[in-house]
Amino acid sequence: MAVAVVALAAAGCGKTSNESTGSSSASSSSSGTYSGKGIGLAYDIGGRGDQSFNDAAYAGFQQADKEFKVGGRDVEPNDNESDADKVQRLEQLAKAGYDPIIGVGYVYGPAVKEVAAKFPKTTFGIIDDNTVEADNVADMVFREEEASYLAGVAAAKATKKNHIGFIGGVDIPLIRKFEAGFVQGAQSVNPKIKIEKQYLTQTAQEGGFSSPDKGENATNGQIDAGADVVYHAAGLSGQGVIKAAAEHKVWAIGVDSDQYQQDSLAKYKDWILGSALKNVGGAVYELTKSVVEGKPLSGEVRGDLKSGGVGFADSNPKYRAMKDVVAAVDKARQDIIDGKVTVKTQ
């Protein structure tokens, strides 16, 4: 895939954008010819390079571009931007002909609602928000609590101190779901396990999802308190969590992407026990596929363990060698899929 970096002139459009030029001759489908300019992907706080949530979306962008040759543009957020900035960004993508246009993160809710109403023939997607109800909007949400339950089981089985930790980026209902699942999973293994819990900030504007130093400091505190497995749901801040855990030679559990596989975290990967996966990339890919095929998805599209929309990564050979941990996680996964376990969201 050919990628060139271009600057966007309008302040509300984001700091930079990457354009991939696909082959228009390969963008037709059995349902008709795809007439859009490509995928429009607007990132959440932290942007591309967070090795987590936004990068998962970009992986789906790449997969769809590679398969359908439609091209596209991905756009970075500005610091401390307003909803008006997001509206302007999405409007410019829509006016330019991108289809689908995807807001990566719940913060795009108001902007997607406003812009989708102005461009009814364009398909919009929003990740982690199911409040936008429109015929041309797909609300792509996940049962994060199910993946987090598996993380909790893994942590409780792997700890040597019966003491683990959770670090959330921002104290919002979405991240509370991660905590709830993690705690329930850990307590299913050991009801008396000690669990440290901390949120880095109360609002996203304070940097809870974009400050590795905050993640590192919080993790150092939890390790000092006795935790020897720390799970984060903190976006870019999670890089600091993983760094601190590795430096103390205790386990970290990543989130959203398989963080063991991330290049920028390679020096710490031996201490990444696993990652609670959320198939954001798959959601981006499937929405693009539906548009290219002329049957755009709309309404709530929810990924769970049964559908493969969430999961737990087992890339680390050290994790796979821990047979009792793997067996416990596998059993928990099947129990959730079979309906024997219902995971709490708060």
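Helix α2 and helix α3 cross in a right-handed manner, a term used when the near helix is turned clockwise from the far one by less than a right angle. This is a predicted model, in which local features need pLDDT of at least 70, side-chain atom pairs count only at pLDDT 80 or more, and totals for chains, interfaces and linings use all residues. Residues are numbered from 1 along each chain as its sequence is written, and side-chain values use heavy atoms, leaving out hydrogens and water.

The axes of α2 (residues 83–96) and α3 (residues 109–118) come within 9 Å and cross at roughly 40 degrees, the axes being lines fitted to C-alpha atoms over the stretch in contact, with angles running from 0 to 180 degrees between N-to-C directions. On the α2 side the contact (heavy atoms within 4.5 Å) is made by Asp83, Lys86, Val87, Leu90 and Glu91, and on the α3 side by Pro110, Ala111, Val112, Glu114, Val115 and Lys118.

Two further helices can be set out together, with the expected span being 1.5 Å times one less than the number of residues.

| Helix | Residues | Span | Expected span |
|---|---|---|---|
| α4 | 144–158 | 21 Å | 21 Å |
| α5 | 173–189 | 25 Å | 24 Å |

Helix α5 is mostly covered, with twelve of its 17 residues buried, among them Leu174, Ile175, Phe178 and Phe182.

How values were computed: Helices (H or I, at least four residues) and strands (E, at least two) are DSSP runs, numbered from the N terminus. Buried means under 20% relative accessible area, exposed over 50%, partly exposed in between (1.4 Å probe, protein chains only).
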